Amino acid sequence: MTLIREKLTLPANETKLLLHSCCAPCSGEVMEALQASGIEYTVFFYNPNIHPQKEYLIRKEENIRFAKKHNIPFVDADYDTDNWFERAKGMEKEPERGIRCTMCFDMRFERTALYAAENGFSVISSSLGISRWKDMNQINDCGKRAAAPYPNMIYWEYNWRKKGGSARMIEISKREQFYQQEYCGCIYSLRDTNKYRKSQGRGLIKIGVQYYTP
Ligand code: SF4
């Protein structure tokens with residue numbers, strides 16, 4: 001295993017966390033790091049951005065499989081794609097890391113914060129930030145914005161990439177032989193990734209085919 005994990009503590013001496021999870025590969029290291037520090041947490045899976053449904057179900061099932069293995073509570077939230085597409089209107093051609101992604105993070109974190117408020121969690125965070133493809137400042141801004149309406153709620157901005165987190169994410173994905181998604185998630189990222197692959201002479205993405213190998 002790459003580098004030693006540091007002992008984590010939740011902000012404000014809180015004792016439990018609601019962790020928004022985007023997928024098993026990203027949340028694998030986050031979940032194991034939380035467990036190694038003895039932090040009580042629940043996984044909250046709310047990702048109506050993922051398209052098509054076949055891809056959504058594979059990503060979700062992989063996450064459920066891993067949560068069960070570690071005996072971690074898993075909340076399977078709505079797949080309300082109509083709302084996601086409604087909010088994405090006019091942003092179909094935006095590039096990744098742009099305003100469509102801000103909307104997408106906002107939507108997922110708003111739902112996470114609402115569930116947290118209704119179920120006694122004061123700290124929320126997300127596995128999204130561990131991916132080197134993502135803009136961590138963009139994610140943290142969205143997280144803080146989602147938590148802001150709730151008194152005493154904190155979005156925990158821990159940098160999951162540091163101290164070997166990124167490397168362990170890959171190691172865990174290989175060890176668990178997770179499904180390896182090849183695009184961010186939405187129909188527009190699928191379109192743009194395929195466009196890029198085509199320009200490189202590569203084949204189009206095949207949903208449900210690629211898995212990490214040890
Ligand atoms: S590219 Fe990813 S983060 Fe951006 S809108 Fe699509 S699914 Fe959401």
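Contact here means heavy atoms within 4.5 Å. Keep that in mind as we walk through this predicted model, where local features need pLDDT of at least 70, side-chain atom pairs count only at pLDDT 80 or more, and totals for chains, interfaces and linings use all residues. Residues are numbered from 1 along each chain as its sequence is written, and side-chain values use heavy atoms, with hydrogens and water left out.

**Two helices to start with**

Helices (H or I, at least four residues) and strands (E, at least two) are DSSP runs, numbered from the N terminus. The expected span of a helix is 1.5 Å times one less than its number of residues.

| Helix | Residues in helix | Span, first to last C-alpha | Expected span |
|---|---|---|---|
| α1 | 13 residues | 17 Å | 18 Å |
| α2 | 17 residues | 24 Å | 24 Å |

Now for what is tucked away. Buried means under 20% relative accessible area, exposed means over 50%, and partly exposed is in between (1.4 Å probe, protein chains only). Eleven of the 13 residues of α1 are buried, so this helix is largely enclosed by the rest of the structure. Among those buried residues are C26, V30, M31 and L34. They pack against β1 (16-20), β2, α2 and α6.

Helix α2 covers residues 53-69. Its buried residues include Y56, I58, R59, I64 and F66. What covers them includes α1 (24-36), β2 (40-45), β3 (74-76) and α6 (165-176). After α2 you meet N71, which has a positive phi near 60°.

**The nonpolar cores**

A nonpolar core is a set of buried Ala, Val, Leu, Ile, Met, Phe, Trp, Tyr and Cys residues joined through side-chain atoms within 4.5 Å. In the largest one, which has 54 residues, L34, W156 and W160 touch the most other members. Helix α4 (residues 99-118) gives the most to this core, with eight residues. Apart from it lies another core of six residues, among them Y179, Y183, L190 and I205.

Back to W156: leaving out residues up to four places away in sequence, W156 touches L8, T9, L10, P11, L17, L34, I39, V123, I124 and S125.

**Rings and charges**

Rings of Phe, Tyr and Trp (its six-membered ring) pair if their centres lie within 6.5 Å; planes under 30 degrees apart count as stacked, over 60 as edge-to-face and the rest as tilted. By this rule there are 14 aromatic pairs. Take F44 and Y115: their ring centres are 5.0 Å apart and their planes sit at 35°, so the pair is tilted. F44 lies in strand β2 and Y115 in helix α4, so the pair ties together parts that are 71 residues apart in sequence. F44 counts as buried at 0% relative accessibility, whereas Y115 is partly exposed, with a relative accessible area of 21%.

F105 and F109 make a stacked pair, because their ring centres are 6.5 Å apart and their planes are at 20°. Both lie in helix α4, four residues apart, about one turn of the helix, and both are buried. F45, Y56, F74 and Y79 form one aromatic cluster.

Lastly, a charge sits over a ring if NZ of Lys or CZ of Arg is within 6 Å of the ring centre and within 35 degrees of the ring normal. R59 lies over the face of Y183, at 5.2 Å from the ring centre. R132 lies over the face of W133, at 4.6 Å from the ring centre.
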